[in-house]
Amino acid sequence: MADLNLTVSAGPHRRVHCPVSTIVEAPEGRLVVTMTGSGERVPCQARREGGGLRVSWIVEDLAAGETARYELDFGGGETADGVVLSQKEDEVEVFIGGKHFTSYRFGADLVRPHLYPVVGPYGDGVTRRLIREGEGDHHHHRSIWISHGEVNGFDNWSEAPGHGRTVHREFDALESGPVLGRVVAKGVWVGTEGWKGHGGSDALVEERAEFTFYHTPQEVRMIDLHLTLTALNMDVLFGDTKEGGLASVRLEESMEVRAGQGGQIENATGGINEDETWGKQAAWCDYSGPVNGKRVGVAIMDHPDSFRHPTYWHVRNYGLMTANPFGLSHFYNDPKRRGYHVLSPGESLVGIYRFYIHTGDAAEGQVRERYHDFAHPPKVEVG
């Protein structure tokens, strides 16, 4: 006899490799759960959240309008880890199904933490290799990262003289499991000098970045970013500049539109390439192109609960794609359209994004359909 029955309703969308979670009441201390669906064991994962237990699993394929039923039992044997985190001195390695997928790099020598490499569906990196100043354009575009170019007058986007920094402080959580892995990192945005003391008088913003990595088949990889930026000791002005991105990626060079090898940008409204996507609002934006002869893509999806959804996109034919909700005067080419935002001490803004890495272009990768898995997930009933 199952302890709980769970019903997932797909709603109007087909669900494919779709992460699902719900909070259930559970006996104190029971963190291990087992789940069955259609008579088969389903990998699931649980952690304490508030007064309940958050249970997570992945719906592999559920047709629109259909339901799936699961039986949940407290206790039982452990299942094999699907996502394993390994902490080193200055990075956390992320393995999915035993293969290295990415690393969260946070060393004190870095201007900002970032994810690198990011391994795509065919085993090749889909983000540009890290370069040094003088090696190529925009050396501060570091794979997948978070930053903004005007924060109380400090430049926390570039690495030009006088730039600001994001200093890693600590991890709130490092979680491995059969369904997902989580890296919850806390740091501080500082001005030109504050980094030397790990955030002094010019410590501006606390960054809490929660990255979730899912155990999916290799043809699909997902990274969820739940970002919270909180003003510390003073009012903080996020300036109106195109140079920034709360969720940013620089793609592998062969994928760039300018490379002339078939690279393509596409957004949720059907815009194609930089002329039709740069500075435009859209719920998602996708960048695809060839890597070692095989086409792959990376989409960034903007959740409806994100700050200023649907976000604006600073996306370029040279391989940059960022969600930037601030640079309105640039995007509209109108100095009267101001996109700045001020946080008072203790106030926060939240950005929620999914990096969706897939085979093919946006159509083959089903980005439009998969966006609904993120923004409008299936309903879960507990009974």
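Trainee: Is strand β2 largely enclosed or exposed, and how many of its residues are buried?
Mentor: Bearing in mind that this is a predicted model, eight of the ten residues of strand β2, which spans residues 15-24, are buried, so the strand is largely enclosed by the rest of the structure.
Trainee: Which strand does β2 pair with, and in what sense?
Mentor: Strand β2 pairs with β6, residues 52-62, in the antiparallel sense and over nine bridges; within that pairing, Ile-23 has Arg-54 of β6 as its bridge partner.
Trainee: Changing topic, in what order do the eight strands of the open sheet run?
Mentor: The order is β14-β15-β16-β17-β26-β22-β21-β20, with antiparallel pairing. The edge strands are β14 (165-175) and β20 (264-267), each of which pairs on one side only, and the twist from one strand to the next averages 20°.
Trainee: Why is Leu-229 called buried?
Mentor: Leu-229 counts as buried because its relative accessible area is 0%, where the cut-off for buried is under 20%.
Trainee: What does Leu-229 touch, leaving out residues up to four places away in sequence?
Mentor: Its contacts include Trp-189, Val-205, Phe-238, Leu-246 and Leu-343, as well as Glu-347, Ser-348 and Leu-349.

Definitions and conventions. Residues are numbered from 1 along each chain as its sequence is written. This is a predicted model: local features need pLDDT of at least 70, side-chain atom pairs count only at pLDDT 80 or more; totals for chains, interfaces and linings use all residues. Side-chain values use heavy atoms; hydrogens and water are left out. Buried means under 20% relative accessible area, exposed over 50%, partly exposed in between (1.4 Å probe, protein chains only). Contact means heavy atoms within 4.5 Å. Two strands pair if DSSP finds at least two bridges between them. Helices (H or I, at least four residues) and strands (E, at least two) are DSSP runs, numbered from the N terminus. Axes are lines fitted to C-alpha atoms, for helices over the stretch in contact, and angles run from 0 to 180 degrees between N-to-C directions.
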